[in-house]
2 protein chains.
Amino acid sequence: MSDAETRRIVLASRPEGEPRPEDFLLETAPLPEPGPGEILLRTLWLSLDPYMRGRMNAGKSYAKPVEIGAVMEGGTVSVVERSNHDGYRPGEMVLGMTGWQTHAVSDGTGLRKLDPAAAPVQTALGILGMPGMTAYTGLLNIGQPKPVETLVVAAASGAVGATVGQIAKLKGCRTVGIAGGPEKCRFLLDELGFDAAVDHRAPDLPERLAETCPDGIDIYFENVGGEVWNAVFPLLNDFARIPVCGRIANYSDTAPPPGPDRTVQLMGTILTKRLRIQGFIVRDFASQAGDFRRDMSAWLKEGRIRYREDVVEGLERAPEAFMGLLKGRNFGKLLVKVS
Amino acid sequence: MSDAETRRIVLASRPEGEPRPEDFLLETAPLPEPGPGEILLRTLWLSLDPYMRGRMNAGKSYAKPVEIGAVMEGGTVSVVERSNHDGYRPGEMVLGMTGWQTHAVSDGTGLRKLDPAAAPVQTALGILGMPGMTAYTGLLNIGQPKPVETLVVAAASGAVGATVGQIAKLKGCRTVGIAGGPEKCRFLLDELGFDAAVDHRAPDLPERLAETCPDGIDIYFENVGGEVWNAVFPLLNDFARIPVCGRIANYSDTAPPPGPDRTVQLMGTILTKRLRIQGFIVRDFASQAGDFRRDMSAWLKEGRIRYREDVVEGLERAPEAFMGLLKGRNFGKLLVKVS
């Protein structure tokens, strides 16, 4: 790549079902010039997260879709390359939402400066960033973990799930993680301190999960949907809390599944078991960012919370890595090292 | 009836679908004798409530089913006829759960004395009792009404719905009641002060409800399920709260409805709109009984809350009245005047 060029990945077409490589397009353009009061950012790290699948759809959601031809949305850590802005000097590191591209021009809106001495800068996209705060706020506000309760979380080796399980453990819960394959399951037990791990690829997942949760489930942190939800549902205890954070198994559904319609059963069970099912996204709890960063920084320092990163080199590999994320192929927080 | 006899209605068989007259049996028995430390109660009022349909089923729920041959469960107001208990004198009025029968023997467990001078005694089964407290606790704890929000409640001329609508209005909401037929709808507007009323028998219920809720729905107090839920669901606003109190339209379902399975859509919408759907029963909030009675007594005294009773004379008419309740044939809190 020439220094005078920028590369970016734009949405080429809206996927029907699972995204395909041709839904993404790598473009090259002349390096943009920062205007008065603006800075030029060079992307160091790009975060890949499941929510991005939703942005590829046209439908109404909690955020606007990415337009066809527009740069894919994404959180980034960047370095200031040039500055016409009094508040920024070249070499400073910032967290932003500059998307799937090697460079961006910004007037500073929505940026947050990072201190590379405090923590590796890319943790601002993971354990100290959106995924970590998603786990923290959803679990504490809606899940409300209490000692000896059983918590279940799927995608448990991923950025959010791993953090949910570890915070719940700190709060005294018995923690059960669901992950894909024996290597991830071992990681849950040996590295993250989960009390039990269940492989979601097991053909008898409902039976395995039931055996692993002899006292039922008090908190199910929902981030996958699909078959895991079906296995969890009959095991929910009275007064169980279900923070609904994501439904990655259903993001690429093109039609509702066949009947019967289990909505009536779900609503009936919500009543008889007095379940609390509540959706949230991290920005609903924006006012708790200070609490989150204080607590999580302390837990990291004390070695009570661990995290794992899955790093892909090069922007051009972002689409493939993202498609793998939707299939659970990542192992830890998925990051693209852009430059 | 001879003075030496008691009559009671027992569960003769578990209904498949809607209860039929032959599922109930009226029995006569000799008047029971209170033993040492016991009292003989004569039932004055029996409350009929939708939850009783659940007790007729064998399945696990939040309470044990009524056994075949056992007296149907129900809240009652009774007068003490004879007493071998130091704490009770003949002529005193008590609230209890003595069931569908003319007499009961009690050792005092679970009884609460009523002061006939404070309020008509049967209000302890309605506005000042379980239905009123169901409305109060579910709405305030889960619904969390705020000024200018839109609240929708169905069965809005019934014991719970009418109270929900009036408390929400006191809290500053715009209140929309759904009821069956023009007479009940007029009652909502003219007597209970709802801002709008929608007839659930209208063939175009979804369109009518959408017109009536131009700003969407912030709180839906769920006590009916069925077609009303289907009409409400697309109108729910971001951060809507849905206290799930009952599902009367679905209580007699014998099989889940045909597909497609809309569970995935429901869970997806919970996420994107950040809905809170939470089941409850009144005894979950037992600790708030004092607050409830204080607030509701004051509102009644100030004329800010009104109620309507639908009184059926004679225990033998209880089954018919109960079957009518499940079809929405009552108009106000349904009570049986037993003696």
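1. Let's start with helix α2 of chain A: its buried residues pack against α3, β11 (217-221), β12 (236-244), β13 (276-279), α8 (289-301) and β15 (333-337) of chain A. Here "buried" means that 20 or more other C-beta atoms lie within 10 Å of a residue's own, while 12 or fewer makes a residue exposed and anything in between partly exposed, with C-beta atoms placed from the backbone. Helices (H or I, at least four residues) and strands (E, at least two) are DSSP runs, numbered from the N terminus.

2. A word on the model: it is predicted, local features need pLDDT of at least 70, side-chain atom pairs count only at pLDDT 80 or more, and totals for chains, interfaces and linings use all residues. Residues are numbered from 1 along each chain as its sequence is written, and chains are lettered from A and ligands numbered from 1 in the order in which they are written.

3. How many of the 14 residues of α2(A) are buried? The count is 12, so the helix is largely enclosed by the rest of the structure. Among them are A:Met130, A:Tyr136 and A:Ile142.

4. Next, the partner helix. α2 (residues 130-143) and α3 (residues 159-170) of chain A pack at about 45°, their axes 8 Å apart; axes are lines fitted to C-alpha atoms, for helices over the stretch in contact, and angles run from 0 to 180 degrees between N-to-C directions. That makes α2(A) oblique to α3(A). "Oblique" is what remains once angles under 35 degrees (roughly parallel), over 145 (roughly antiparallel) and 65 to 115 (roughly perpendicular) are set aside.

5. Which residues meet there? On the α2(A) side they include A:Pro131 and A:Leu139, and on the α3(A) side A:Val160 and A:Ile167. This contact (C-beta atoms, placed from the backbone, within 7 Å) divides into 9 nonpolar, 3 polar and no charged residues. Ala, Val, Leu, Ile, Met, Phe, Trp, Tyr, Cys and Pro count as nonpolar, Asp, Glu, Lys and Arg as charged, and the others, Gly among them, as polar.

6. Finally, look at A:Phe322, which sits in helix α9 (residues 318-326) of chain A. Why does A:Phe322 count as buried? Because A:Phe322 has 26 C-beta neighbours inside 10 Å. Not counting residues up to four places away in sequence, A:Phe322 touches A:Leu48 and A:Met52. A:Leu48 is also one of the contacts of A:Val336, leaving aside neighbours within four places in sequence.

Notes
Contact = placed C-beta atoms within 7 Å.
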